[in-house]
Each structure stands twice: as structure tokens, then as C-alpha cells.
Amino acid sequence: MDASCLQFDSALQLLQQAGVVLPDGEPYGAVWIQGVIDALCDLSSKDPLTGLVNRRSFEMGLSREVDRVARSGESALLLVLDIDYFKAVNDNYGHGAGDLVIQAVARVINHVVRPMDTVARVGGEEFAIILPNCAGGFGATVAERLRERVSGQRVEIAAGKFLNITVSIGGAFAPQWVRSSPLIWMERADRQLYRAKAEGRNRTCLEHLVDSTVTAEEKGMLFAIAQDGAIAESQQQGTE
Amino acid sequence: MSTTAAAPQQQGRPPRAGARTLAVTSGKGGVGKTFVTANLAAALAAHGNKVLVLDADLGLANLDVVLNLHPKLTLHEVFTGKCTLEQAILPAPGGFSVLLAGSGMVEYSRLTPDIRDKLLQILEEVKPHFDWVLLDTGAGISDVVLFAISLAADVLVVATPEPTSLTDAYATIKVLCTQQERRHVGLLVNQANRVGEGRLICSQLQQVLQRFVGAIPGQAFKLELLGEVKSDPVVRQAVLKRQLMLEHFPGSDAAQAIKALANKLIG
């Protein structure tokens, strides 16, 4: 195949604009083309502002993790994190300040989590973190550590001008051994994030681990209805 | 570092081919789960369906006991490569096929990725050859049981009116609803003391579930009463003689109830 007839202009421009060093190798040779493709893949999976994984790539990672959990039975946690009152930052200090805040939060998250975790920016001021092989007991600890570290940060938005930022975090574990769907998993984590927001922000809410124990209250209700039914029935039979 | 383009990974479940899959389970043991499964298989087969019952109670199997079979080839032999899958699929009285498991095999009491993969593979292999695959699972909510249930598209929980059975059935349904994200579970009330008791039990379970488990918004959870088998002396007789009730007491109330269950499932 004659690769010199391929159009690389836009691709190379895009890479240059993003500050990517062009691949080594003889131009239009196989090594060089592979380098360009890899660089484009890399670019299309990252969020330009923070360098984190972007939403598209995150969704692929999430569905891979659902597959993995279904096969291995390992415990995996999904956290969603949202910057509190972010709109006020943009409104009061401008979008430039907003961008600085987002970048600062991204840096803190990257410092707190393990290298194997996937940190993504999934929306304007919303982040998501996939934590594979995270045992049930550690979930709350990790989430709380994230919240504390971000809250302890003072973000410099202009020379000598600092902002205190807080975040709300929601989280849910993937059901082990079971092939769930990425969508349901995300919804469950999101629901906990809403709860954290509704309960006053600057807090973490994790979905309760599935608890199969039947409480006394549940048993009470089970048997109360059974008794009511039996009494009603015996009364009915008595009148017949 | 260069990342070579990986082959696109297959995502999600493959489209369901062949058999309808139904897991029969119970919270508590000894409520008639295997008995119901075997007779239901016979009732489905009587409609001209090709039916396979897979004994998914790997550690404590007793489908062979209920059916009075003395198998030499079981899932264990398939797992260990001592026989082929085809060889282990045996004909059972009642016109259906069975894939039995050995009893008391400690190595199957814990779910390992190996067992998981093998069961998944076996199910995918048998599905194209049958109209129905019934999975007779163990009781309770262990890894193995929950996994076996997760293999099936539909679930039938068997319970008796006894408080302990109800409590355990409730716990099972709760786990299926929360952990497996199931939105529909079928219920069969066995050994009912009077007509209508099944309906009562189903609605009470549903009420408690609604109160304590809650549903994912927009996805209502439904516990559906699929059958009610009244206490029937012929059932005990059939069990003791290790006979299929549907063959030996086809006119009994219990046999009629199982046939009604099959009709409801066929739809």
C-alpha cells in the first residue's frame, strides 16, 4: 500500500495543537503511522483540561470492569465526585478561575488514588473513579480521604487570591459474580451523590452493602401480616 | 510506549439462543425445591418441550435421589474431563433429560473462577439443544447458589407457609432484588394449608419488600405468584417411593397444580 496518498494534515495539526511530539520514524512508514494512530487514540481518550480520562474512555473502562467483576468476583467500587457550588465560582470569578479549580481537584484525586484506579472527568465539574479490587470495608475510608484532601486544599485562582473548595462524593460497589450493566452501576453511584448533596454537601455517601440479614422489624412485619391474614380467614370461615 | 490497537472486546451478554432458562431456588432447604423442579420438568416435557434439568446444587445434589437414578457420569466427570457433556446428559423418567451433580463434593462448596467458567460454558453448550433448561440450585444465598441463579433469565422461589421458610424466602428475594438487580421473581408456595394461602403469602412478601428493600426508581419490583401446591398426602408417598408424582399420581391436586405452573410459564 502506498501510504503517501493518505491525508495526514488534519491529524498532524491536531497533534501539534495538543502539544504532542510527533512520532519518530520515517514519515509514512509503518512505525510512524502506528505512532500517529496511537497518539490520536491517546488524545481522544483524554480530557484536555485535566489530562484525566474523558467520558468516552471512562465508559469503556467501566464496562470492562463490570465484565471483570462478573468473572473474578472481586469487589470493585465506583465513586462519583462533584465540586460543591461550582457555578458560584464561575459566576463570581470567571471561567478561568473555574478551570483552575477543576485542575486542582483533578490533581488531588490523582494523588490520593492508586495507580491502578481510573480517574475520569465525566462532566463539567464531575469526576468518576473506578477502584478495582477495593474491599467493602475500605470504600468509605477512600472516599472520606478524597473528600478531606480536596477540602484541605486552597486553590489559587489569581495572584494571592485563594478559594476553599469542597466536594460531595457518592459511591456504589459492583455486585460480585454478577454481570450488571455499567448504566445501572453509574446510576447507583449517582444516587448516592444526590444524597450527599441533599444532606448538605461536603460529605461522602456510599450505598449500603447488600445486607441479606432479615431484621427483627422486617420479620415483625412479615408475620404480622401473616397473622392478620390467618385471623381474617378464620373469621371468614366462621361466618360461612 | 506504544499501544497496539487491540481487537474489539466483546461486550455484554451474547443474544440468548435456544432454551429458556429458569432457576428454581429457595431460602430454606427441604421445602420441595427439587421435587417441584423434577415434576415441573415432566409437565413441560408433556407439552412437547425438550427439557433439561441441571442439578446446580453442586455440593449437595439430590436430584438423582428424587428421580431414583444411579448415575455414574455427573457434572464432576464433565468438569474433570472424564466424560463428554453429551455422555453425562441422561434420560430421566418423565420424558426429560438431566445433568446430575455428585453429592458431598466439598470442592464445589465455594465458587471459584474455574467452576464459574465451566458452568457458564456448559450452559451455553446445552442451550441450543433444548427448549427449557431448569437449574435446580441449592438452598440459601451462598456464592454458588447466587451464581447458579444468575445464569438463568428467570427465577422461581419455592417457599412453604412456615415462618422460617418465609423468612429465608424473603432474604433470598431481597438479595436477588438488590444484588442481582432483578426486577421480577416468581414464587411458588408449596405445602399450602388452604386455597388462597399462596396469594396471601405473595402479597405479604411483596409488601415487606416494598417497605424495606425499595425499588430502583422507575423500575418497579414484582414478585409474581406462579403457583400454589396444597399439602397433599400423595406427594409424601411419591417422595418416599422416589417416584415422579406426575407419572404416578397424575390426577392428584398437587400434580394439577404443577401442570398449572407449567402452563403459566409457557404463557
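**A strand hairpin and a helix pair in chain A**

Strands β2(A) and β3(A) form a hairpin with 4 residues between them. The model is predicted: local features need pLDDT of at least 70, side-chain atom pairs count only at pLDDT 80 or more, and totals for chains, interfaces and linings use all residues. Residues are numbered from 1 along each chain as its sequence is written, while chains are lettered from A and ligands numbered from 1 in the order in which they are written.

Chain A has 8 helices and 7 strands (DSSP runs numbered from the N terminus: helices are H or I, at least four residues; strands are E, at least two). Of its 240 residues, 30% are buried (20 or more other C-beta atoms within 10 Å of the residue's own, with C-beta atoms placed from the backbone).

Strand β2 spans residues 118-121 of chain A. It runs antiparallel to β3 (residues 126-131), and 4 bridges join the two (strands pair if DSSP finds at least two bridges between them). A:T118 has A:I130 as its bridge partner in β3(A). In a regular strand, side chains alternate between the two faces of the sheet. A:T118 and A:A120 point one way from β2(A), A:V119 and A:R121 the other way, and all are buried.

Helices α5 (residues 95-112) and α6 (residues 136-151) of chain A have axes that come within 10 Å and cross at roughly 140°. The contact is made by A:V105, A:V108, A:I109 and A:V112 of α5(A) and A:R145, A:L146, A:R149 and A:V150 of α6(A) (C-beta atoms, placed from the backbone, within 7 Å).

Technical notes:
Buried ≥ 20, exposed ≤ 12 C-beta atoms within 10 Å, placed from the backbone. Axes fitted to C-alpha atoms, helices over the stretch in contact; angles between N-to-C directions. Contact = placed C-beta atoms within 7 Å.
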